Amino acid sequence: MAKYSLKGRIVFITGASAGIGAACARAFAAEGARLLLAARRVERLEATAAGLREAGAAAVHAFKLDVQDRGAVEEAIAGLPAEWREIDVLVNNAGLSRGLEKLWEGKPQDWEEMIDTNVKGVLWVTRAVVAGMVARGRGHVVNLGSTAQELAYPGGAVYCGSKAAVKLINDGLREDLLGTPLRVSDIGAGMVETEFSDVRFRGDKERAAKVYQDITPLTPDDIADAIVWATTRPAHVNVAHMIMTTIDQANSLMFNRRTS
Ligand code: NAP
């Protein structure tokens, strides 16, 4: 069966201003897709648009969006220019972690931000986009999973819980879509070197760098490659769940740190 071509297809990536989302934009550009990019730091998206067109993107449309804001999500999706409304692939990538405290010492506002972004944000965007996909009889939703959704690590209870929720939302959506041609994939990663730890530790670069010390982490391009692979399988193939780690990681808790 033929590979599913993304040429000219609309790929909507949330959180495309950094890390895995930005790498996805580059990887889907190389497939000739039309890129619909969202993040709060819209100026970063705008700065990459010309390069993405040069890299093969058929077109680029960037807009500012905070996925935590249900009203803003609904308005932004409903208000897309007509030529950008028929989204073929949604990559629910926007997400973050905050803090690494023991549960009873964690900050409630950090928990709210993680749950509002990683869980509710995924729900708001999915709800706003999938109805159109069902009506058109085509579409693919990719959710960003994690080793954290399979095994919690100390200090990460709320982040891990948010990613576990994404896994089951992903699976439930696939059940709801059974009987349609739509596809739903949870593509998860272990440690990927991005701004993720910098955000978790609120700009403490030294602490963030230690997370990746003495291992070879995954790169954002590794995950983007897997996402493009999943979305280009023949139309009858649904990659339900995938977890990738660096060779130096076995799961959320076990790492091969090459300390001398
Ligand atoms: P990153 O470099 O910090 O990028 C996160 C992206 O999410 C940024 O573009 C950020 O854009 C966006 N974002 C955050 N909150 C947002 C909001 N409220 N509304 C819209 N966009 C928002 O981190 P990353 O590692 O690439 O993370 C991407 C996804 O992969 C997340 O879902 C994360 O949980 C998942 N993941 C990461 C790892 C890892 O080790 N790095 C492993 C497994 C899974 P703005 O700040 O401009 O809005």
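**View A. Lining of the largest cavity.** The lining of the largest cavity comprises seven nonpolar, four polar and six charged residues; here Ala, Val, Leu, Ile, Met, Phe, Trp, Tyr, Cys and Pro count as nonpolar, Asp, Glu, Lys and Arg as charged, and the others, Gly among them, as polar. The model is predicted: local features need pLDDT of at least 70 and side-chain atom pairs count only at pLDDT 80 or more, while totals for chains, interfaces and linings use all residues. Residues are numbered from 1 along each chain as its sequence is written, and side-chain values use heavy atoms, with hydrogens and water left out. Of the 17 lining residues, E101, W111, M114, G155 and V158 lie nearest the centre of the cavity. Both α4 and α5 supply at least two residues of this lining (helices, H or I, have at least four residues and strands, E, at least two; they are DSSP runs, numbered from the N terminus).

**View B. Space inside the largest cavity.** The structure holds one cavity of 30 Å³ or more, and the largest cavity contains about 110 Å³ of space. On a 1 Å grid over the protein atoms alone, a cavity is a set of points where a 1.4 Å probe fits but cannot get out, whereas a pocket is an open set with protein on both sides within 12 Å along at least five of seven lines; lining residues have an atom within 4 Å of a point. Grid points are joined across faces, edges and corners, and a volume is the space filled by probe spheres set on the points.

**View C. The largest pocket.** About 1200 Å³ of space lies in the largest pocket. Its lining has 49 residues, with G95, L96, Y159, T194 and F196 nearest the centre. Elements giving two or more residues to this lining are α1, α4 (108–136), β5, α5, α6 and α7 (205–211); α6 gives the most, with four residues.

**View D. The shell around the ligand.** The space taken by the ligand is the largest pocket (a molecule sits in a pocket if more than half of its atoms lie within 2 Å of its grid points). The ligand is surrounded by 30 residues, the closest being S17, R40, R41, Y159 and T194 (near means a heavy atom within 4 Å). β5 gives the most to this shell, with three residues.

View E. An oxygen atom of the ligand lies 2.7 Å from an N or O atom in the side chain of Y159 (a polar contact is a pair of N or O atoms within 3.5 Å). Another view of the ligand shows an oxygen atom 3.0 Å from a polar backbone atom of G15.

Notes
Polar contact = N/O pair within 3.5 Å; in protein donor to acceptor, adjacent residues only side chain to side chain.
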